[in-house]
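User: Hi, I'm new to this one. Can you walk me through it?

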Amino acid sequence: KNGGFSEVDEDGAVPLHWAIPPASAALYRAVNVDGMSGADSFRYRAEVAVPSRPATQAYTCKANTDYVLTAALKGDGTTTPSVLITTPDGKTRAVQLSSKQTKWKRLQARFNSGGATQFVVQLLGSAEMSRKPVATVGSSWFDDVQVYSQADAPPEAGADTPFTAPGPNLALHAPYKLTPPP
């Protein structure tokens with residue numbers, strides 16, 4: 001819900017349907033400039049490394065169902081904005097999208113819900129924050145964050161486009177010799 005970040009609270013800072021932990025409130029903000037598909041986007045900005053948690057949104061899903069996550073991301077060259085889907089306890093990761101691009105980059109990935117009936121979408125200012133909950137100095141932007149069931153995904157979400165290698169696998173059946181041996 002509100003993956004374009006156009007609906008905000010009374011203060012205009014927090015996008016509706018998204019939760020920002022109080023300790024991270026100064027880092028994340030809805031902005032009305034330079035979105036991917038419109039003016040609105042969600043910005044992360046840290047001037048110093050401080051403890052930080054991601055902005056999140058909980059979803060109800062069907063067990064053992066294929067989904068497609070789409071997002072538009074961009075960073076400032078020092079950050080790697082990331083969208084991560086986990087179980088509510090945060091222990092199991094379903095999929096993660098990240099981009100080091102300084103211009104908007106639209107990404108998508110398929111995942112299966114497994115036995116889960118809920119998952120959480122996490123927006124991290126930089127991918128490193130998924131391993132260590134400390135803000136990465138820099139800025140990142142998020143837009144058009146959506147989760148679709150694969151059956152309902154629009155064609156532009158790439159739901160029916162599996163990865164195909166761009167050419168022959170040159171390493172297949174090639175002899176390998178490690179020097180020095182392990």
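User: Let's start with Asp 144. Is Asp 144 buried or exposed?

Analyst: Asp 144 counts as buried, because its relative accessibility is 13%. Buried means under 20% relative accessible area, exposed means over 50%, and partly exposed lies in between, with a 1.4 Å probe and protein chains only.

User: What should I know about the model itself?

Analyst: This is a predicted model: local features need pLDDT of at least 70, side-chain atom pairs count only at pLDDT 80 or more, and totals for chains, interfaces and linings use all residues. Residues are numbered from 1 along each chain as its sequence is written, and side-chain values use heavy atoms, with hydrogens and water left out.

User: Back to Asp 144. Where is Asp 144?

Analyst: Asp 144 is in strand S9. Strands (E, at least two residues) and helices (H or I, at least four) are DSSP runs, numbered from the N terminus.

User: What about the phi of Asp 144?

Analyst: That phi is positive, about 50°, although Asp 144 is not a glycine. Most residues other than glycine have a negative phi.

User: Which residue forms a salt bridge with Asp 144?

Analyst: Arg 106 does, and the closest N and O atoms are 3.3 Å apart. The pair links distant parts of the chain: Asp 144 sits in strand S9 and Arg 106 in strand S7, 38 residues apart. A salt bridge here is a side-chain nitrogen of Lys or Arg within 4 Å of a carboxyl oxygen of Asp or Glu.

User: How many salt bridges does that rule give?

Analyst: The count comes to one salt bridge.

User: And how accessible is Arg 106?

Analyst: Arg 106 has 40% relative accessibility, so it counts as partly exposed.

User: Now the sheet. What is the strand order in the open sheet?

Analyst: The order is S1-S2-S9-S4-S7, five strands with antiparallel pairing. S1 (28–31) and S7 are the edge strands, and each pairs on one side only. The twist averages 30° from one strand to the next. Axes are lines fitted to C-alpha atoms, for helices over the stretch in contact, and angles run from 0 to 180 degrees between N-to-C directions. Two strands pair if DSSP finds at least two bridges between them.

User: How many bridges join S4 to S9?

Analyst: Eight bridges join S4 to S9, and the two run antiparallel. Ala 72 has Asp 143 in S9 as its bridge partner.

User: And S5 to S6, how many there?

Analyst: Five bridges, with S5 and S6 also antiparallel. Thr 86 is partnered with Arg 93 in S6. The hairpin of S5 and S6 has six residues between the strands, and Gly 90 takes a positive phi near 80° there.

User: What is the phi of Asn 64?

Analyst: Asn 64 has a positive phi near 55°, and this residue is not glycine. Asn 64 lies in the loop between S3 and S4. Asn 64 counts as exposed, because its relative accessibility is 59%.

User: What about Thr 136, buried or exposed?

Analyst: Thr 136 counts as buried, because its relative accessibility is 18%. Its place is in the loop between S8 and S9. Leaving out residues up to four places away in sequence, Thr 136 touches several residues, including Tyr 44, Thr 78 and Met 129. Contact means heavy atoms within 4.5 Å.

User: Last one. How many residues does the largest nonpolar core have?

Analyst: The largest nonpolar core has 32 residues, and those with the most contacts inside it include Leu 69, Val 121 and Phe 142. Strands that each supply at least two residues of this core include S2 (41–46), S4 (66–75) and S9 (138–149). A nonpolar core is a set of buried Ala, Val, Leu, Ile, Met, Phe, Trp, Tyr and Cys residues joined through side-chain atoms within 4.5 Å.
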